[in-house]
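Q: I've just opened this one for the first time. Could you walk me through it?

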Amino acid sequence: MVSGWELLDGLDLEDCPIVTEGTKIDLAMACTQPHSENCRKILIVLMFSSRRINIEVDSTETVRSLKEKIHIIDVTPIKRMSLSFSGREMDEGFRNLSEYGIGEFSEIAVFLKPMSRIPLEMKDSSTVNELRQQLLVRKILPMDDYIFIHKQRIMKDNRSLWSYGVEDGDCLYVFKGTVSREGY
């Protein structure tokens with residue numbers, strides 16, 4: 001575990017809170033006695049908006065580890081995922097599934113939280129860098145490196161919004177990070 005998150009195979013690195021230096025990893029052993037009271041496998045039903053999936057989980061798994069499994073199966077973004085059991089949202093803390101009363105064939109609803117939208121008024125001649133500066137001044141973005149994307153194209157800081165075809169009402173997507181290859 002890293003920062004209380006169980007790391008599972010198949011996750012992308014950005015879905016894990018791994019820091020390169022000083023990261024503490026707590027190892028937890030899988031159940032060696034699957035029929036004991038503390039460790040038993042159960043079949044649960046994940047209900048998405050248009051389908052249902054049955055998966056086997058351990059009753060002592062955390063909500064976070066269940067989200068990680070769902071991400072592997074369905075590629076649902078972990079940060080936008082919300083789980084609900086019996087009409088109650090499940091907290092991602094350190095609670096395990098059995099603490100919610102989840103047992104064999106329990107149904108868990110999987111929802112996507114809406115993405116946050118920030119309305120901004122900009123001129124079409126404004127550059128991507130001017131957009132970045134406005135977001136920093138308004139304290140919408142912390143001081144970090146970000147990539148702006150419009151219609152699946154990475155936007156360069158020195159080009160205008162107009163040059164990318166940005167129109168009134170369009171959405172730009174912001175991702176933390178940088179692009180290292182030349183000519184993007």
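What follows is a short chat about this predicted model.

Q: How many helices and strands does the protein chain have?
A: In this predicted model, the protein chain has 2 helices and 9 strands. Followed along the sequence, they come in the pattern β-β-β-α-β-β-β-α-β-β-β.

Q: And what share of the residues is buried?
A: Of the 184 residues in the protein chain, 34% are buried. As for the surface, the protein chain exposes about 12,600 Å², and carbon and sulfur atoms supply 51% of that area.

Q: What about contacts between residues at least 6 apart in sequence, what percentage join residues at least 24 apart?
A: Within the protein chain, 54% of the contacts between residues at least 6 apart in sequence join residues that are at least 24 apart.

Q: Let's look at α2 then. Which of its residues are buried?
A: They are Val-128, Leu-131, Arg-132, Leu-135 and Leu-136. Seen down the axis of α2, these buried residues fall within an arc of 135°, so they line one face of the helix.

Q: Why would residues three or four places apart point the same way?
A: An α-helix has 3.6 residues a turn, so residues at that spacing point the same way.

Q: OK, and what do the buried residues of α2 pack against?
A: They pack against β7, the strand that spans 146-150. Just after α2, Lys-139 takes a positive phi of about 60°.

Q: Is Ser-126 buried or exposed?
A: Ser-126 has a relative accessible area of 8%, so it counts as buried, the cut-off for buried being under 20%. Leaving aside neighbours within four places in sequence, Ser-126 is in contact with Arg-159, Ser-160 and Leu-161.

Q: Changing topic, what is the phi of Ser-86?
A: The phi of Ser-86 is near 55°, which is a positive value in a residue other than glycine. Ser-86 lies in the loop between β4 (81-85) and β5 (88-89), and at 65% relative accessibility Ser-86 counts as exposed.

Q: And Lys-151, where does that one sit?
A: Lys-151 is in the loop between β7 and β8, the latter running over 153-154. Although Lys-151 is not a glycine, its phi is positive, at about 50°.

Q: Buried or exposed, for Lys-151?
A: Lys-151 is exposed, with a relative accessible area of 58%.

How values were computed. Residues numbered from 1 in each chain as written. Predicted model: local features only at pLDDT ≥ 70, side-chain atom pairs only at ≥ 80, totals over all residues. Heavy atoms only, no water. Helix = DSSP H or I, 4+ residues; strand = E, 2+ residues; numbered from the N terminus. Buried < 20%, exposed > 50% of the residue type's maximum accessible area, 1.4 Å probe, protein only. Contact = heavy atoms within 4.5 Å. Areas by Shrake-Rupley, 256 points an atom, 1.4 Å probe, with all protein chains shown as cover. Arc of directions from axis to C-beta.
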